[in-house]
Amino acid sequence: MTTPLEKFEADRLAKLRRLEQLGLDPWGGRFEGHLPIQTVRHLPIQEGDPFVVGQPVRVAGRIRTLRRMGRIIFLDLADATGKIQVLIGQRQVGEQDWALCDCLDLGDLLGVDGHFGKTKTGELTVFATRLHFLTKSLLPHPDKWSGIEDVEFALRHRYLDLIYNPELREKALWRVRLVAHVREYLNSLGYVEVETPVLQTQAGGAAARPFITHHNALDIDLYLRIALELHLKRLLVAGFEKVYEIGRVFRNEGISPKHNPEFTMLELYQAYGDYQTMMDLTEGLILSCVDLLGRGRQLPLGDVTLDFSPPWKRVSYAELFREHVGVDWQDTQGVFQAAKRFGIDTTGMERDVVVHYLFEHVVEDKLQGPVFVYDYPASLCPLTKRKRSHPEIAERFELYIWGMELANAYTELNDPLTQEETFRHQLAGLPEEESMARMDEDFIKALKYGMPPAGGLGIGIDRLVMVLTGSRTIRDVILFPLLRPEKRDGERTH
RNA sequence: GAGGGCGUAGCUCAGCAGGCAGAGCAACGGACUUUUAAUCCGUAGGUCGCGGGUUCGAAUCCCGCCGCCCUCACCA
């Protein structure tokens, strides 16, 4: 019993065998000297018979459409740069190559020697003189007209989605350019890029549940990092004065349009700076990315247009809280009353935990930005230095754009005695895994040797790329987002 | 984790007041040396996500499960 899919595959396998009988390798090999299709399309065109006057070219790509018309065949060949029509005539390519054409399917990879010109109808075309079979595709490709519509099918066949969905391919390329640009920008300012461990005996630096794995030789459990912070700060102690890392972090939490279990963070630390230093740096860096797009500083994102012209709005946490919640966040009684008004269950919670909930639920989604929110309640920021004059307030800011938290920065806490204290203090009302209160003895020890006062910054690269490419979901900017494996029932392949 | 929606041929989708499972593209055979979603003639292609139930009869109604999407909750 064969399924239809197996029959498609069998048909294509038969053609593969025929190619072998013609003495050709159905999996191709080295093929050099071909031009990017986009380049070919811009070559000059001579008047007259293209087979005679057309400039000789060599191209390679995937067969996207195929029109057989007796002794002549038209096909569209696509490479990374574009698409072009190829005309294959029996008389012009000779019997050997003509026999090869009987073995062609949509999705095969083909190399073509020919002359560049126009058909009678004006279509830019490579008029083939020689064919080079490069790779057989054994499975049928998506509909040539509609492409892939089914979201799940696209997610489970990302390689196909990238062929047939040019927007997705564009976004992937923009991500690469933007990350390269961030590196260039930071390097040019003298920041040094480093790499720190992903596997850690203790996952610190953020409030998140880690993934656990196991090292066999040492027979110990290890955690995948949830942040880059604690190692980069050790490097401040080590004398790296301007240091950063762009790396994958892993958080064992929910998946949503804004969250993937692994994502890419930029973290940066600068000795003798503070959160104001970081604010200026952040604005300059992201603005530079906006300019790289070359679409001006007003970016249309969904229903809104955000203005990135500097200077960006800077507003204090206290101010926003008062404006949207209606009370001062340090007014304990008022905060609990407000919580009741907004229907938040506050049993067993400390005031500042309630403040945090209120801010997230009432204020955050109203922040289209770009806007810097600064000066946070200190008890929520155990790694942050407090204001000298106001120990209740931490020198921290977050940058909001398009309703998303894009950056987070502190004046770093470099006092080991206070740090040890905040690690010990577990905020009531926060579940264990959401707490940052995890003692890291070695980190405290490092601080005791003396970490310079510093500013620190974290930017979610995926979200930055979302904003800059106008992507509503994080899956659009991650090539292979995590999916639950599909359970296989019986013979079904999907 | 909670609520809602979706799952039919390789792909895109009809069919769902219960009554023989359909179309376009793709595939297979044939005609065609200027087509471009080529056209024309012909052929084949299905565990209707999986499992159970109701019924003379289920793609269609009911229950359970799986997967994806959306909204909400948590983390960036």
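Q: How far apart do the C-alpha centres of domain 1 and domain 2 lie?

A: This is a predicted model, and in it the two centres are 49 Å apart. The domain assignment of chain A places domain 1 at residues 4-141, while domain 2 is made of 164-312 and 369-476.

Q: How do strands of a sheet pair, and which order do β7, β8 and β9 take here?

A: In general, backbone hydrogen bonds pair the strands, in parallel or antiparallel fashion. Here the open sheet has 3 strands in the order β7-β9-β8, and the pairing is antiparallel. Its edge strands are β7 (199-200) and β8 (212-215), each of which pairs on one side only.

Q: How many bridges join β8 to β9?

A: There are 4 bridges between β8 and β9, the latter covering residues 220-224. Histidine 215 has isoleucine 220 of β9 opposite.

Q: Are the residues of helix α15 buried or exposed?

A: A general point comes before the case: residues three or four places apart point the same way, because an α-helix has 3.6 residues a turn. In α15 (residues 461-469), 9 of the 9 residues are buried. Among them are Ile461, Asp462, Arg463 and Leu464. After α15 comes glycine 470, with a positive phi near 65°.

Key:
Residues numbered from 1 in each chain as written. Chains lettered and ligands numbered in written order. Predicted model: local features only at pLDDT ≥ 70, side-chain atom pairs only at ≥ 80, totals over all residues. Buried ≥ 20, exposed ≤ 12 C-beta atoms within 10 Å, placed from the backbone. Helix = DSSP H or I, 4+ residues; strand = E, 2+ residues; numbered from the N terminus. Pairing = 2+ DSSP bridges. Domains from an automatic or database assignment.
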